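Keep the coordinates open as you read.

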Amino acid sequence: MSLLRRRKPINESSDSKPLLEKEEEQHHQEDHDEDDNDDGNGKNKKTPSKIRKERGEKPPSPPPPPPQSKWSCLDTCCWFIGCICITWWLLLFLYNAMPASFPQYVTEAITGPLPDPPGVKLKKEGLEAKHPVVFVPGIVTGGLELWEGRECAEGLFRKRLWGGTFGEVYKRPLCWLEHMSLDNETGLDPCGIRVRPVSGLVAADYFAPGYFVWAVLIANLARIGYEEKNMYMAAYDWRLSFQNTEVRDQTLSRIKSNIELLVATNGGRKVVAIPHSMGVLYFLHFMKWVEAPAPMGGGGGPDWCSKHIKAVVNIGGPFLGVPKAIAGLFSAEAKDIAVARALAPGFLDNDIFQFQTLQHMMRMSRTWDSTMSMIPRGGDTIWGGLDWSPEEGYSCSKKREQKNDTQITDQAGAENAVCKARSVNYGRMISFGKDVAEAPSSEIERIDFRGAIKGHSAANTTCRDVWTEYHDMGFAGIKAVAEYKTYTAESIVDLLHFIAPKMMARGTAHFSYGIAENLDDPKYKHYKYWSNPLETTLPNAPDMEIFSLYGVGLPTERAYVYKLSPHAECSIPFKIDTSADDEDTCLRDGVYSVDGDETVPVLSAGFMCAKGWRGKTRFNPSGIRTYVREYNHSPPANLLEGRGTLSGAHVDIMGNFALIEDVIRIAAGASGEELGGDQVHSDIFNWSEKIKLQLDDDTPAHSSR
């Protein structure tokens, strides 16, 4: 018989409810134990719980629950990083484990079957390797490695300072800047530093991992039988002036020897030279150097090029310079940097970890003499004056394309009148203010800066010694530059002499920017004229061919709207005015655009082959055949196509299938006529006709229309 017991009242709060339930369970268990402990005679055995209850003792309280650990921010970060690492390693494992054909399978499943690469296509046609090829890389695309450095560069012997992963830029930026800069007086190595070009095809096949330059072209040439015995990368230190590459490294002599070796070991077949970008100017300099007598030249004689070169296939060549070079030298920026400054005002000018980005970049790049090779050449005769330019009337607006034929016909007269009234003054390469860029020249009041007296130093002790030659101009000199209002190609050279006299003293010792009046003048035998196609002649090689291959259909920098910086004491005093926009005149973020490949305007890339060298001219006395081959830009249809196989962009065009096919056909023996002659999408021939340039010894040159 169960015992009846009185229970003490219990506070049934929410906090004690679990304890109450536990006690009831305990009592039920005790009753159950009493029944189980019955000895069979009607007597119950006393259990410990029964004894405690008879004595009036309370049952022991249950043990407290273990304390719960708190989740800290550090735990969250560790968990997040762990998830990222696990995901990364998993993806890396899957990437390495998947078949090599899987990415192509996915791409074809989405976009359809891909066309054969040019090398595969031409191999099926029976093309084989014939003429040895020489690649000449352009500015910044060739790798540079360290051979001797300061203490801060310990452990970097023969490691790439330029190209590759750029890891040292992030680890030790000021040390990297010091080693990438040249001596500001000599344009050569600073004391105790030796940075040299990487040799071999790997020097410029990839600029960075996954970012090809020459790799795609090399791979397609290999498909028809090319290999290193008939391919040569003419790597050079692209920071140096062209003649200084020979003075310091004997690079021009090495190119001459390697070309002679290629011809001798390939059955006497002449080479096909393929320069890209600034390499076009470098190879033009080489062709004059190799035939010039020693010690200034290579001593090859007047027929060396005729004996050794079958064709020169120029890709994206800035024959007449690029306006983009002016913006880089003037304010250490171009359109992309100007837009970045507009999106994040003051970010690039702030002192981040004691590293004022643009000032340091300007000081470094102004020691690279090669940048001055791309200052626009030909003055106002080529690029236009205050009131005219060859490209006047060009419209980048796509509104006409969106209209139907009826609307175009009905409104043609009105639109032509508007275009004529709003024509861009491309000849004004730099204008201080949008109103100055658009105003008639008769309404612009200008104060000549050339005789201005430079004031006291504009920098103070807070600038941390990252100033450039603007430091010596003072506020008076800076103001004088702005008050001149607008600059054409001719006054640009004087402007650069005014703002950067040390840089231009070196630059004008190695480069020239004019037009020769008499090419028989002995002064044009000096090397400073050899890379300017308007002040030198092509070799006496009538069997040689010259091609100009470049992209079109992309907005390309042509002129700029500038403003004075409000913080001129420590920052660069001039900036592109990104607030200046006008859809009707191709003005975006302070930059006037024209047709080109995003870097080189059509006028610079195409004029010499379209007119300056076309037929027998005083610049081409032997009548070397020239061809213009343009490639209209078409962006990739989706991300799986990468940088696209139809791109016309300055570097991406190196992966353009149509261009690669043309290059391979030329290397395999095809002539320009067999290739189809000229292939033109732009107005290069119309623009060239507007330029009144002396092409024979009897026709006078004009500096304006």
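The model is a predicted one.

Start with the parallel sheet. It is open and has 6 strands, in the order β7-β1-β8-β9-β12-β17. The pairing is parallel. Look at the two ends of that order. β7 (231-233) and β17 (625-632) are the edge strands, and each has a single partner, so one side of each lacks a neighbour in the sheet. From one strand to the next, the twist averages 15°.

Now move to β8 and β9. Strand β8 covers residues 271-275, and strand β9 covers residues 309-315. The two run parallel and are joined by 3 bridges.

Helix α24, residues 657-667, lies across β1, β8, β9, β12 (545-552) and β17. This helix runs at about 170° to β9.

Turn next to the antiparallel sheet. Strands of a sheet pair through backbone hydrogen bonds, and the pairing can be parallel or antiparallel. Here 3 strands form an open sheet in the order β3-β2-β4, and the pairing is antiparallel. The edges are β3 (160-162) and β4 (194-197), each pairing on one side only. The twist in this sheet averages 45° from one strand to the next.

Strand β2, residues 144-148, is linked to β4 by 4 bridges, and the two run antiparallel. Within that pair, glutamate 145 stands opposite arginine 196 in β4. Helix α7, residues 173-180, packs on this sheet. It touches β2, β3 and β4. The direction of α7 makes about 80° with that of β3.

Finally, leave the sheets for the surface. Which residues make the nonpolar patch of about 450 Å²? They are Trp79, Phe80, Ile81 and Ile84. Tryptophan 79 sits in helix α3, which spans residues 73-97. Is tryptophan 79 buried or exposed? Its relative accessibility is 54%. The cut-off for exposed is over 50%, so tryptophan 79 counts as exposed.

How values were computed. Residues are numbered from 1 along each chain as its sequence is written. This is a predicted model: local features need pLDDT of at least 70, side-chain atom pairs count only at pLDDT 80 or more; totals for chains, interfaces and linings use all residues. Side-chain values use heavy atoms; hydrogens and water are left out. Two strands pair if DSSP finds at least two bridges between them. Axes are lines fitted to C-alpha atoms, for helices over the stretch in contact, and angles run from 0 to 180 degrees between N-to-C directions. Contact means heavy atoms within 4.5 Å. Patches are made of residues with over 30% relative accessible area and no salt bridge: like charges are joined within 9 Å, nonpolar side chains (Val, Leu, Ile, Met, Phe, Trp, Tyr) within 5 Å. Accessible areas come from the Shrake-Rupley method with a 1.4 Å probe; for residues, only the protein chains shown count as cover. A salt bridge is a side-chain nitrogen of Lys or Arg within 4 Å of a carboxyl oxygen of Asp or Glu. Buried means under 20% relative accessible area, exposed over 50%, partly exposed in between (1.4 Å probe, protein chains only).
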